[in-house]
Amino acid sequence: MNIGIIGAGEMGSFLAARFIQQGHAVSIANSRGPASLKQLAGEIGAEAASMEEVIKNKKVIIISIPEKNVPALPKKLFEQLPKDVVVIETGNYYPTLRDGVLPELVRSGIDSLWVQEQLGCPVVKVFNSILATSLRDLSRPKGEKGRVAITVSGDNIKAKEVVFQMVDQLGFDAFDLGTIAQSWKQQPGSPIYCRDINLDELKKRSDALGTDWSAMRDVILTKRKADEALMATDYPAYLRGLRKKFFIS
């Protein structure tokens, strides 16, 4: 399968390397141009590409950049994509830690719904709610007890089926949260975000959250704000906190 990745940070680079190991052809691009990716591409076996090149003749395109950089993507980049191309979005909105205030996103409060509107094409939300280190260290064969589950949200059923297969290839169980409007469940501040839990536990937490974003919005955004503050001052403590049980009042 031909995969294009926009973003060469920790997650983008890891996914590129791992999918290449599985036999996929991967092109990778960033805002600085192909020359800046020459060393990385050589090390992992990817093709360094421009923004325009990275989306050509691809089955899957992965966008793995900070939310604040999404509006800076070329406006017409996705207009000519065939409808069967799967567009994956891995980002998370951190307004005080990294991204600043994005007014339109603040109004909706749903990260990937905003990204989808910015790009002008449907997206599948995945790989945002697991750390790259967990992807590296916790991969397990299908059916093994305790296999970690990864959340997937999106409106296109066929696109999600492709993503389910990709998640399984990486050594994880895929859990369908529903439409992109339900992707708030896997955002920072939720009891699902980066918890490294199995399929049964993930389903329990998803069910406990319900489906009404307006009812849970204040709880999750308050938790995200607290997490951002802790990440800025004591990141190891933040990571330890992810392993603790999250109670929903």
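Modeller: Start with Asp 137, which is partly exposed at 43% relative accessibility. Keep in mind that this is a predicted model.
Biologist: Which residue does Asp 137 meet in a salt bridge?
Modeller: The partner is Arg 136, and the N to O distance is 2.7 Å.
Biologist: Is Arg 136 buried or partly exposed?
Modeller: Arg 136 counts as partly exposed, with 49% relative accessibility.
Biologist: How many salt bridges are there in the whole structure?
Modeller: A search finds twelve. One of them joins the side chains of Arg 98 and Asp 99, at 3.1 Å from N to O.
Biologist: And are those two buried or partly exposed?
Modeller: Arg 98 is partly exposed at 34% relative accessible area. Asp 99 counts as buried, because its relative accessibility of 7% is under the 20% cut-off.
Biologist: What does Lys 203 pair with?
Modeller: Lys 203 forms a salt bridge with Asp 207, and their closest N and O atoms are 2.9 Å apart. Both sit in helix α9 (residues 199-209), four residues apart, so about one helical turn separates them.
Biologist: Change of topic. Where is Glu 228 found?
Modeller: Glu 228 is in helix α10, which covers residues 213-233. Glu 228 is buried, with a relative accessible area of 2%.
Biologist: What is Glu 228 in contact with, leaving aside neighbours within four places in sequence?
Modeller: Tyr 94, Pro 95, Thr 96 and Leu 97.

Key
Residues are numbered from 1 along each chain as its sequence is written. This is a predicted model: local features need pLDDT of at least 70, side-chain atom pairs count only at pLDDT 80 or more; totals for chains, interfaces and linings use all residues. Side-chain values use heavy atoms; hydrogens and water are left out. Helices (H or I, at least four residues) and strands (E, at least two) are DSSP runs, numbered from the N terminus. Buried means under 20% relative accessible area, exposed over 50%, partly exposed in between (1.4 Å probe, protein chains only). Contact means heavy atoms within 4.5 Å. A salt bridge is a side-chain nitrogen of Lys or Arg within 4 Å of a carboxyl oxygen of Asp or Glu.
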